[in-house]
Every structure is written in C-alpha cells, then in structure tokens.
Amino acid sequence: MERGLLFEIRRETVPVCHVFGTIHSEDPRVLDLPPEVREAFEGADVFVMEVIPDAQAIIRSMVTMVYTDGRTLEEVIGPDLYARSLDALSGLGMTEEAVKDFKPWAVVTLLSVPRADTGEFLDMSLYRAALADGKEVVGLESIDEQLAVFDDLALEDQVALLKETLAIRDRLPQVFEHLLQAYLDRDLAGLLRLSDEYLRGGDPGLADRFEDAALNVRNVRMARRLPDMLDQGGCFVAVGALHLPGPGGILQRLRERGYLVRAVF
C-alpha cells in the first residue's frame, strides 16, 4: 500500500508529471503545502483536477441537489426524518426554506463534510492558485458524472444513507479529525481503512454499492482519461487521496498502463 501524498509519474522520454492526493479540508496544516508539493505545482504548466469548480458547475450542482418536479424533502422522507434533518442542518446555519426541496442525498453530502468557515478547501485553493499562475486547467470528470454518484442512487439507498448519517452525526467531528490526522501522516492505508470503517457502520450492501459508485467506477474513469494529459508531460494532477491507493486505485492502474510511479512526499 502506497504511503505518501505526492507521486512522480514517468514514462519513457515524456517530461515528468505529478499526482497529488487531496482532502476536503480548509485546515491550515493542509493548506500550507510542503516544499516538495509546492515545487511540483509551481513547475507544472497544466493543472488537472477532478471537476473544474466554475460558475456553470456550481449552478449545475445546485439544480441537481433539489427536486424540480414538485416533490419536497418532507414528502419523500416523512415528517420524523425530515424534522431530524432540519435539526441537523440548522447546526450548519441552514433554514427550512433553504432545504425543503433538497433530495435526501444532498442532505447527506452537506452533513458528511467538515463545516466550512472560509470555503478555502484544498482543491479550491489549488484551483485559484492555478488560475492566478496562468496554468491551463483541465477537469477529469464532468460535474454531471460526479453528481451521478449520489443522484443515481435508488431513493431507498438515499434515505438509508441519510438515516445512517443522522445516527452518527455527533461522532462526525471525531471521524473528520481521524481522517485528517491520517492524511497529515500521509498514511493512505489508514485513510482508506478509516473511510471503509465509516462506510460500513451501517448496511454492508449499501456500503458496497456506494463504494463502487464513489471510488471504483470513478477510479476506472479517471485512470482511463489521465494518459492523455500525462503523455504531454508537465502536469500536476490533484485528486482525492482515497482515489490513489489499493489494487483498484489510480496509482496501480497507471502502473498497469506502463507508467513508473514513485512517492516524492
């Protein structure tokens, strides 16, 4: 199992590229990039990320998160679960008017990430820095492909995920802290183990279906598209660290395509 966050990717005479594992965090310890990462980023002409978070993507996300067919969240999940959802979302400063048309998976995603104070998460910070540096910015996925991880879930799976998330929401800050510490330790095996434990705290069948959509399917897609960018050389690729390790991870898939992969940091 790989240990590290920054990996050098080489093949034949093509200029070196780097793949960097990110985490959805605005913690200063995450945003303060180590010299090895900063040097690789600054030396790249092309910045590759999962999805380009431009205005079009943000609007598309907002539209996809809500029902547009007249249904409401309360009608779909029932009054009891709705009340519990409102209580949890109120802790994020969200009003009933703002969330009444949300799909169940949208509530899950809001509750399943650390609370934002600045909004300057690592991937967004890198994106803005790339634009400021005049780098070409390329997305590995469309926003519709990424949203499909949740939006294509059967309604019963969405509701089950919401129930599981609400059941452990008091423990989520501790989960986030453990994930963050594993990331700061560059422990990809630990990060993958913690994520798996979190997912498998409920229905194992649901965990399998979600993991397949969120990791396996996307790993295949991103690894299939990366060579077009890697073979040009001089690129810095930033994807969620959970996509990197394991036999089905991006790093192993690149090795199988003939690339030399070496941990740098």
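The following questions and answers concern the reasons behind the structural labels given to a predicted model.

Q: Why is the contact between Glu8 and Arg10 called a salt bridge?
A: The side chains of Glu8 and Arg10 meet at 2.8 Å, N to O. The cut-off is 4 Å between a side-chain nitrogen of Lys or Arg and a carboxyl oxygen of Asp or Glu, so the pair qualifies.

Q: Is Glu8 buried or exposed, and what makes it so?
A: Glu8 has 12% relative accessibility. Buried means under 20%, and therefore Glu8 counts as buried.

Q: What makes Glu97 and Lys100 a salt bridge?
A: The N to O distance for Glu97 and Lys100 is 4.0 Å. Glu97 is exposed at 60% relative accessibility, because exposed means over 50%. Lys100, at 27%, counts as partly exposed.

Q: How do you know that Arg128 forms a salt bridge with Glu120?
A: The closest N and O atoms of Arg128 and Glu120 are 2.3 Å apart, and the limit is 4 Å, so the label applies. Arg128 has a relative accessible area of 44%, and Glu120 has 22% relative accessibility. Arg128 therefore counts as partly exposed, and so does Glu120.

Q: Which residues are linked in a network of salt bridges?
A: The network links Glu50, Glu141, Glu145, Arg218, Arg221 and Arg225. Over the whole structure, the search finds 19 salt bridges.

Q: Which members of the largest nonpolar core touch the most other members?
A: Of its 50 residues, these are Ile9, Phe20, Phe47, Tyr183, Leu230, Phe236 and Val237. Apart from this core lies another, of 31 residues, including Ala57, Met65, Ala88 and Leu153. In soluble globular proteins, nonpolar side chains tend to be buried together.

Q: With which residues is Phe20 in contact, leaving aside its neighbours within four places in sequence?
A: Among them are Leu5, Leu33, Val37, Leu122, Tyr183, Phe236 and Val237.

Q: How many cavities of 30 Å³ or more are there, and which residues line the largest cavity?
A: The count comes to one, and about 50 Å³ of space lies in the largest cavity. The lining consists of Ile9, Arg10, Arg11, Val14, Pro15, Cys17, Leu230, Asp231 and Tyr259. The elements giving two or more residues to this lining are β1 and β2.

Q: What is the make-up of that lining by class?
A: The lining of the largest cavity has six nonpolar, no polar and three charged residues.

Key. Residues numbered from 1 in each chain as written. Predicted model: local features only at pLDDT ≥ 70, side-chain atom pairs only at ≥ 80, totals over all residues. Heavy atoms only, no water. Core = buried A, V, L, I, M, F, W, Y, C linked by side-chain atoms within 4.5 Å. Buried < 20%, exposed > 50% of the residue type's maximum accessible area, 1.4 Å probe, protein only. Contact = heavy atoms within 4.5 Å. 1 Å grid on protein atoms, 1.4 Å probe; cavity = no way out; pocket = protein on both sides within 12 Å on 5 of 7 lines; lining within 4 Å. Points joined across faces, edges and corners; volume = space filled by probe spheres on them. Helix = DSSP H or I, 4+ residues; strand = E, 2+ residues; numbered from the N terminus. Nonpolar A, V, L, I, M, F, W, Y, C, P; charged D, E, K, R; others polar.
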